[in-house]
Amino acid sequence: MFLRIDKLPVELPMSPEIDPVAARNVQELLGGRFGEMSTLMNYTYQSFNMRGRDQIRPFYALISNIAAEEGGHIEIVSAAINSLLNGPRQGFDDSENPGDAPWKDLPGGALGGHYIAGGQTALPVDSRGMPWTGDYVFSSGNLILDLLHNFFLENGARTQKLRVYQMTDNPAARTMLGYLFVRGGVHAMAYAKALQLLTGVEMSKMLPIPNIGNATFPEARKFMEQGSHLKLYHFSNDFKEAATIWTGTAPAEYAEGVAGDFEFVDAPPTGGPQVDLAGIASSFAPNYAPQEIMEIANKLYQKAKDH
Ligand code: MN
Ligand code: MN
């Protein structure tokens, strides 16, 4: 079963402009082969399908716990896309008249589906607009092969994030990217440590892929200085056994000058507020004239508070 927390893993700055091109490129990190939907579903299905889990409990706990974190990564990538599509709008935006074809001059590189299907919000698709598919899930039944795949998946995800970083300087996108460079680094290192325990092969010597450090990027360095690269968060009352893998001192080439010991934090991250999206009249979201819906919602909310 799952619990849900109404927060983002970290606070995102509001996008200073409406930026549909960046929103489209960030979609790759949500619904692409190496996107967060893939990491979530790979680790989730591997954990659902794991045999002999009581005998291999630390590895089961590690994959299950990281799967839960990936749920929050889907949420923060979606929130970044939403922020990029929303821009700095606050309050209900009725500045666009549908009769004036307000979207006829969207920039080349915008994804029409963001406007047509999503009402200017994230979609479970990649940067080409292709839907995420279960074909991206690898769950072989062989623990070492699954862990090796997960190590590859985290590094593939990192490569693509680094490329998207080069396509935008929008702070809503880059804050999300900086955070996920660091968290992806934790996951790659955790899978490397698990493989090392099982096989003796020093997988961690292959990090980072590509061979450029997280600390190079100020948006990532900020989170490293908060120790995020050393922390594996615990998203459950169960799965504590993951702590037995996430121990020891961070290797110097991984720590990049922000040294320390690996730490299993017995809680999820503190988190930050959700991105609050303004209503948009031209998207009919929530409605062209939303007053009635808001009045009904307000009455219900008052009732709930009075109880
Ligand atoms: Mn992730
Ligand atoms: Mn990950």
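**Figure 1. Contact of helices α7 and α8.** Arg174, Thr175, Leu177, Gly178, Tyr179, Phe181 and Val182 of α7 meet Glu219, Ala220, Lys222, Phe223 and Met224 of α8. Two residues are in contact if their C-beta atoms, placed from the backbone, lie within 7 Å. The residues of this contact divide into seven nonpolar, two polar and three charged. Here Ala, Val, Leu, Ile, Met, Phe, Trp, Tyr, Cys and Pro count as nonpolar, Asp, Glu, Lys and Arg as charged, and the others, Gly among them, as polar. This is a predicted model: local features need pLDDT of at least 70, side-chain atom pairs count only at pLDDT 80 or more, and totals for chains, interfaces and linings use all residues. Residues are numbered from 1 along each chain as its sequence is written, while chains are lettered from A and ligands numbered from 1 in the order in which they are written.

**Figure 2. Crossing of α7 and α8.** Two packed helices are described by the angle between their axes and the distance between the axes. Helix α7 spans residues 171–199 and helix α8 residues 218–225; their axes come within 7 Å and cross at roughly 50 degrees. That makes α7 oblique to α8. Angles under 35 degrees count as roughly parallel, over 145 as roughly antiparallel, 65 to 115 as roughly perpendicular and the rest as oblique. Axes are lines fitted to C-alpha atoms, for helices over the stretch in contact, and angles run from 0 to 180 degrees between N-to-C directions. The crossing of α7 and α8 is right-handed. A crossing is right-handed if the near helix is turned clockwise from the far one by less than a right angle, and left-handed if anticlockwise.

**Figure 3. Helices α3 and α6.** The axes of α3 (residues 36–48) and α6 (residues 143–165) come within 11 Å and cross at roughly 170 degrees. That makes α3 roughly antiparallel to α6. Ser38, Thr39, Asn42, Tyr43 and Gln46 in α3 meet Asp146, Asn150, Leu153 and Ala157 in α6. Three residues of this contact are nonpolar, five polar and one charged.

**Figure 4. Two cis peptide bonds.** Most residues other than glycine have a negative phi, and most peptide bonds are trans. Leu207 and Pro208 are joined by a cis peptide bond, with omega about -5 degrees. Pro208 sits in the loop between α7 and α8. From Ala285 to Pro286 the peptide bond is also cis, and omega is near 0 degrees. Pro286 lies in the loop between β2 (263–265) and α10 (291–306).

Figure 5. Glu256 is not a glycine, yet its phi is positive, near 50 degrees. Its place is the loop between α9 (252–255) and β2. Glu256 counts as partly exposed, with 18 C-beta neighbours inside 10 Å. A residue is buried if 20 or more other C-beta atoms lie within 10 Å of its own, exposed if 12 or fewer, and partly exposed in between; C-beta atoms are placed from the backbone. Phe284 has a positive phi of about 55 degrees. Phe284 is found in the loop between β2 and α10. Phe284 is partly exposed, with 13 other C-beta atoms within 10 Å.

**Figure 6. Setting of the close-ups.** The protein has ten helices and two strands. Helices (H or I, at least four residues) and strands (E, at least two) are DSSP runs, numbered from the N terminus. Of the 307 residues, 41% count as buried.
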